[in-house]
Amino acid sequence: MRVLWIQRLSCCGNTHSFLNYENWESLLKSVDFIYHPSLSLEAQDRVIERVLETGEDIDLLVLEGAVRCDDEEIKRLCQRALFVMAVGNCAVYGNIPALSDQNICGLSYRFKERGGLLGGDFLSKGGLPVINLSGCPAHPEWIATTMLMLAEGIRPELDQWGRPLAFYSSLTHWGCTRNEYFEWKVEAEELGSKKGCLFYHFGCRGPLSYSSCNQILWNGVNSKTRAGTPCFGCTEYDFPRIGLWETKQYAGIPAELPIGVSKRGYIMLSGVAKMFAPDRLKDEG
């Protein structure tokens, strides 16, 4: 499969994430990079010019970074590619570059507004919408595995945001080693602590964000919550938010409750849970 990886308005974080993929030898048996900013010697502009002039086949176009809303060059490449993949929150939602410029967006979204550079009805030559791998950055396993799926003729099943269900069908909360603290409302006392839940005071978005970060660990060993840092919800359209390290509350109740939990249910259950939390957890928290 011939892959063209292009960068636009980017910090290169997704490239750095991708370079941490652990099975490159296996990946390169299926993937041939027409261009990648860290693996190729040619200048990106010259490669784009050549590809557009010669009609060179593109099996997968990968975009890293946000784009300007009038970027005709990226539009032409997307129309030429069999499949199109947006890697990272900037390419998916516009994200940080779009915060201060109305003329910047992602390929198919500007934050939660559907459309982006290509419009909401875009389908690639292969018949799929843009495959969105959100995250700041996207996990290398998500990127490489999606590439391999396409190389093997497997069409990834996508969620409402165009994200592969294989990686975005579960909450970040699932698989978190702190879940018992969450259930019994035992709060962490400080950042970096290995004990206690980070949702109640430190802004953890694990119960409100979709990702497999606690199931497919980073570098095979860790995740933010396991390291004592709250999940920032970086796979969602509203990242980054103001106050990443704090949980906004009203009368002691989090302003945003875990997905699927009602305010009434939260009040009833959290009070009981905190009252009857096992001593072993309270002592640790």
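Colleague: Which residues point one way from strand 3, and which the other way?
Modeller: Leu-60, Val-62 and Glu-64 of strand 3 point one way, Leu-61 and Leu-63 point the other way, and all are buried. Buried means under 20% relative accessible area with a 1.4 Å probe and protein chains only, while over 50% is exposed and in between is partly exposed. Strands are DSSP runs of E with at least two residues, and helices are runs of H or I with at least four, numbered from the N terminus.

Colleague: Before we go on, what kind of model is this?
Modeller: This is a predicted model, in which local features need pLDDT of at least 70, side-chain atom pairs count only at pLDDT 80 or more, and totals for chains, interfaces and linings use all residues. Residues are numbered from 1 along each chain as its sequence is written, and side-chain values use heavy atoms, with hydrogens and water left out.

Colleague: Back to strand 3: why is it largely enclosed?
Modeller: Five of the five residues of strand 3, residues 60–64, are buried, so the strand is largely enclosed by the rest of the structure.

Colleague: Which strands are joined to strand 3?
Modeller: Strand 1, residues 2–7, runs parallel to strand 3 and is joined to it by five bridges. Five bridges also join strand 3 to strand 5, residues 83–87, and these two run parallel. Two strands count as paired if DSSP finds at least two bridges between them.

Colleague: New topic: what is the volume of the largest pocket, and what lines it?
Modeller: The volume of the largest pocket is about 290 Å³. Its lining has 15 residues, with Arg-205, Glu-246, Thr-247, Lys-248 and Glu-256 nearest the centre. On a 1 Å grid over the protein atoms alone, a pocket is an open set of points with protein on both sides within 12 Å along at least five of seven lines, a cavity is a set where a 1.4 Å probe fits but cannot get out, and lining residues have an atom within 4 Å of a point. Grid points are joined across faces, edges and corners, and a volume is the space filled by probe spheres set on the points.

Colleague: How many cavities of 30 Å³ or more are there?
Modeller: The count is one cavity of 30 Å³ or more. The largest cavity holds about 100 Å³ of space. It is lined by 14 residues, and His-173, Cys-176, Arg-178, Cys-197 and Cys-204 are the closest to its centre.
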